[in-house]
Amino acid sequence: MTEDAVVDDELLTIGAFAARARLSAKALRLYDRLGLLAPDRVDEVSGYRYYRANQVERARLVALLRQLDMPLARIAELVETDGSDAAELLAGYWTDVETKVAGQRTLAEYLRARLSGRSSEMYGKFVVETVEVPEQVLITETRHTLADELPTWIGASLGRLEAAARECGGVSAAPFVVYHSEVSMESDGPAEACVPVADEAAARAWAAGQGRARQTAVRVEPAQRLAYARITKAQVAHPQILAAFEAVEQWVAAQGLRYAGPCREVYFADWNAAGPEDPVCDVAFPVN
């Protein structure tokens, strides 16, 4: 056995191991309780914990990851992963953190503007126009959902409906999501994902075979006029999209128009192919 192997195989008390890892014994007990770093051996009589010297690196890694506020489940996964794969896991986590912080920063700016009476400055960033939309046959999926689940549900439901549209004569216009009531962290809508299709008879035959699992339906939406603002992929995130909706509401009020239905988001571009500054969505209200 080499000298390095002897050192790595050295059995240390929790105090000695804590000193070598530059952590407290309290932290090591916590890591054990959380399932992140168990001692190599626990004396059955005394209850003393003993660690191997080769566990020092893992102990230090766990401590550093906890400083990043990484959830315990993700720490457990990362410390069991080797090399570049572990680095990729960390990179993915940190991307999520930066995205969340960026959203919180934007939300704080938005709220600061509202509280200081500068909301009109944000509304001025959006150009509001109107468009006449012809009658459309829609296949739809409706769900009660809170705001944190909404983006995932929108992508999944529109994906399912667009696939189903192949049985219904194909997609005939841009998919959209209608909000029949507010969707937030306190209110769950419902929201309705809608895909316009070309063949009403085929759409009704498709809907008849779906059952009630996902609240699918077919409906015909009459021709209508929409007041809308076009936004980029980055602006779809909260709270930018709230400012866009409010800009349209302000414009509708200034024009003396009346609402003719619930608000909606019309997704006219390939979401996955779009960059942050590419236009992807119209936030809109039916008006008359």
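Trainee: Which residue in β8 is the bridge partner of I139?
Mentor: Strands here are DSSP runs of E, at least two residues long, and helices are runs of H or I with at least four, both numbered from the N terminus. This is a predicted model, where local features need pLDDT of at least 70, side-chain atom pairs count only at pLDDT 80 or more, and totals for chains, interfaces and linings use all residues. Residues are numbered from 1 along each chain as its sequence is written, and side-chain values use heavy atoms, leaving out hydrogens and water. Look across from I139 into β8, and the bridge partner you find is V218.

Trainee: How many bridges join β5 to β8?
Mentor: Take β5, residues 136–143, which runs antiparallel to β8. Strands count as paired if DSSP finds at least two bridges between them. For β5 and β8, the number is six.

Trainee: Which strands stand at the edges of the sheet?
Mentor: Follow the order of this open, antiparallel sheet of eight strands: β4-β9-β11-β10-β6-β7-β5-β8. An edge strand here has a single partner, so one side of it is left without a neighbour in the sheet. That describes β4 (128–133) and β8 (216–221).

Trainee: What angle does α8 make with β7?
Mentor: α8 packs on the sheet, touching β5, β6 (176–179), β7 (191–197) and β10; contact means heavy atoms within 4.5 Å. Axes are lines fitted to C-alpha atoms, for helices over the stretch in contact, and angles run from 0 to 180 degrees between N-to-C directions. With β7, α8 makes about 25°.

Trainee: And at what angle to β8 does α9 run?
Mentor: Find α9 at residues 200–208. This helix lies across β5, β7 and β8, and its angle to β8 is about 155°.
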